[in-house]
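The sequence and structure are shown below.

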Amino acid sequence: FERWLDHVGHERTMRRIRQDGFEHFVMQLNLSGRLVAHAGDGAAEGRPGEIILLDTRRPYRTECERAHILTFSIARYVVERAFFGPEELHGRILSPPGSALLADFMISLNRHARTLSDDALTSMMTVFTELLAIALRPGADGIGSKAVAGAKLEAARRVIEAELPRR
């Protein structure tokens, strides 16, 4: 969704979460203006060019002032495929330079999505996932690679254990 919002807030409460059961992530790219997200214990402001990542299974509130934003709803498996780290993703801000290609792709996809075939859109999801992985990778925002490597090992262990026959 491309939106221009001024003095608008959106709140996702625990009551709403229980009612709708959404399981995806929301990514909001701030193109201009002020975008603030309250997720978890604090508030974070996404400056123009930054992307705020929000988990719909968790409460949050956003506030916009003279903001031009792109909002993408992303399936949970896409985000999980791109990131295996132990760090908190809810309320995380993805900043350039690590997120610059993802932001550019979001803008381009928004501009051209209506003209693309279903096959092309499916391929775009692969590109999107790869660009998200770049934005979330170790070093893109100062995350250490040892922590991420350990989290990947733990995630692999969980997948393997889930696939083993139960005795």
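## Pairing along E6

Trp4 has its bridge partner in E6, namely His68. The model is predicted. The strands concerned are E1, residues 2–5, and E6, residues 60–74, which pair in the antiparallel sense over 4 bridges.

Strand E2, residues 8–12, is also joined to E6; the two run antiparallel and share 5 bridges. Within this pairing, His10 has Thr62 in E6 as its bridge partner.

## E3 against E6

E6 also pairs with strand E3, which spans residues 25–39. The sense is again antiparallel, and the pairing counts 13 bridges. Here Val36 stands opposite Glu63 of E6.

Taken together, E6 has antiparallel pairings with E1, with E2 and with E3.

## Order of elements

The protein has 5 helices and 7 strands. Read from the N terminus, the order of elements is β-β-α-β-β-β-β-α-β-α-α-α.

## Burial, contacts and surface

How much of the protein counts as buried? The share is 37% of its 167 residues, where buried stands for under 20% relative accessible area.

For contacts with a separation of 6 or more, 78% involve residues 24 or more positions apart. The accessible surface of the protein is about 10,100 Å². Carbon and sulfur atoms contribute 54% of that surface.

Note on methods: Residues are numbered from 1 along each chain as its sequence is written. This is a predicted model: local features need pLDDT of at least 70, side-chain atom pairs count only at pLDDT 80 or more; totals for chains, interfaces and linings use all residues. Side-chain values use heavy atoms; hydrogens and water are left out. Two strands pair if DSSP finds at least two bridges between them. Buried means under 20% relative accessible area, exposed over 50%, partly exposed in between (1.4 Å probe, protein chains only). Contact means heavy atoms within 4.5 Å. Accessible areas come from the Shrake-Rupley method with a 1.4 Å probe; for residues, only the protein chains shown count as cover.
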